[in-house]
Amino acid sequence: MANLSLVVSPKSINKRLPGDLAMWFFILAELTVFSLFFIAFAVTEQFNVEMFIAGKSMLHTFAGLINTLALITSSFLVVLSLKSVSVGKSQQSVYLLILSILAACVYMATKLWEYNQLFVMGIDIETNTFFTLYFLITGFHFLHVLLGIVILICIAVNVKNGGYKESITGFEAGASYWHMVDLVWIILFPLIYIL
């Protein structure tokens with residue numbers, strides 16, 4: 001009879017979710033809320049096709065594209081920063097986090113400009129169903145970006161003060177949240193602005 005043995009490589013033993021489990025529960029809860037928003041938007045659009053086409057035509061697609069590039073750039077810089085801190089390059093990590101925060105601020109400024117443009121045209125959350133959903137979904141996301149910026153600032157301060165030398169779990173948790181915010185926008189942008 002052949003000898004059957006289970007071969008376990010060292011890499012398979014060390015696989016784990018980045019960050020901590022509590023953050024992943026939080027991310028899952030947030031993704032669930034955003035999913036419900038997206039489903040509500042898609043279903044409502046089927047019953048108000050003309051209104052949604054007219055509403056989307058009033059949005060600034062170029063501003064949405066700038067926001068997409070800003071958040072993708074910011075997420076990429078967070079990845080580089082995490083790699084830097086994991087190899088002991090704390091100063092480089094801080095600089096990359098600052099650049100990431102600045103990219104996120106580009107998103108914030110562009111989104112505020114876009115809201116202002118709509119307000120100037122007399123469009124607000126009560127204009128119609130499309131804009132009610134638009135302001136609810138993008139406003140909810142805006143608050144998540146704001147929280148993400150606060151998290152990135154806290155991580156940067158911690159790195160500057162010599163944190164994450166023993167464990168980068170806290171950094172990974174914050175980075176995971178930030179990537180979730182980026183992922184939501186990547187779904188939100190085509191759904192609301194383009195499709």
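**Helix packing up close**

Modeller: Happy to. α2 and α7 run roughly parallel to each other, a label for angles under 35 degrees, while over 145 is roughly antiparallel, 65 to 115 roughly perpendicular and the rest oblique. Their packing angle is about 5°, and 10 Å separates the axes. Axes here are lines fitted to C-alpha atoms, for helices over the stretch in contact, and angles run from 0 to 180 degrees between N-to-C directions. Helices (H or I, at least four residues) and strands (E, at least two) are DSSP runs numbered from the N terminus.

A word on the ground rules. This is a predicted model, in which local features need pLDDT of at least 70 and side-chain atom pairs count only at pLDDT 80 or more, whereas totals for chains, interfaces and linings use all residues. Residues are numbered from 1 along each chain as its sequence is written, and side-chain values use heavy atoms, with hydrogens and water left out.

The predictor's confidence in each residue, pLDDT, goes from 0 to 100. Its average over the protein chain is 89, and 91% of the residues score at least 70. Where pLDDT is low, the predicted coordinates should not be read in detail.

Back to α2 and α7. On the α2 side the contact (heavy atoms within 4.5 Å) includes Met23, Trp24, Phe26 and Ile27, and on the α7 side Ala173, Ser176, Tyr177 and Met180 are among the partners. By class, its residues are 16 nonpolar, one polar and one charged. Nonpolar covers Ala, Val, Leu, Ile, Met, Phe, Trp, Tyr, Cys and Pro; charged covers Asp, Glu, Lys and Arg; the others, Gly among them, are polar.

Next, α2 and α6. Their axes come within 10 Å and cross at roughly 160°, so these two helices are roughly antiparallel. The crossing is left-handed: the near helix is turned anticlockwise from the far one by less than a right angle, while clockwise would be right-handed. From α2 the contact uses Glu30, Val33, Phe34, Phe37, Phe38, Ala40, Phe41 and Thr44, and from α6 it uses Thr129, Phe130, Leu133, Leu136, Ile137, Phe140, His141 and His144. Those residues divide into 11 nonpolar, four polar and one charged.

Beyond residues up to four places away in sequence, Thr44 touches Phe52, Thr129 and Leu133. Thr44 and Leu133 are 89 residues apart along the chain, yet their C-alpha atoms are 9.2 Å apart. Glu45 also belongs to helix α2 (residues 21–47). Glu45 is buried at 16% relative accessible area, where buried means under 20%, exposed over 50% and partly exposed in between (1.4 Å probe, protein chains only). Setting aside neighbours within four places in sequence, Glu45 contacts Phe52, Lys56 and Leu195.

The remaining pair is helix α6 (residues 129–160) with helix α7 (residues 169–194), which pack at about 155° with axes 10 Å apart. That makes α6 roughly antiparallel to α7. Their contact counts 21 nonpolar, five polar and no charged residues, and this crossing is left-handed too. The loop between α6 and α7 holds Tyr164, which is buried at 15% relative accessibility. Tyr164 has a positive phi of about 65° although it is not a glycine. Most residues other than glycine have a negative phi.

Asn67 is in helix α4 (residues 61–86) and has 0% relative accessibility. Not counting residues up to four places away in sequence, Asn67 touches Val106, Tyr107, Thr110, Lys111, Glu114 and Trp185. Glu114, in helix α5, is likewise buried at 0%. With neighbours within four places in sequence left aside, the contacts of Glu114 are Leu59, His60, Ala63, Asn67, Tyr134 and Tyr193.
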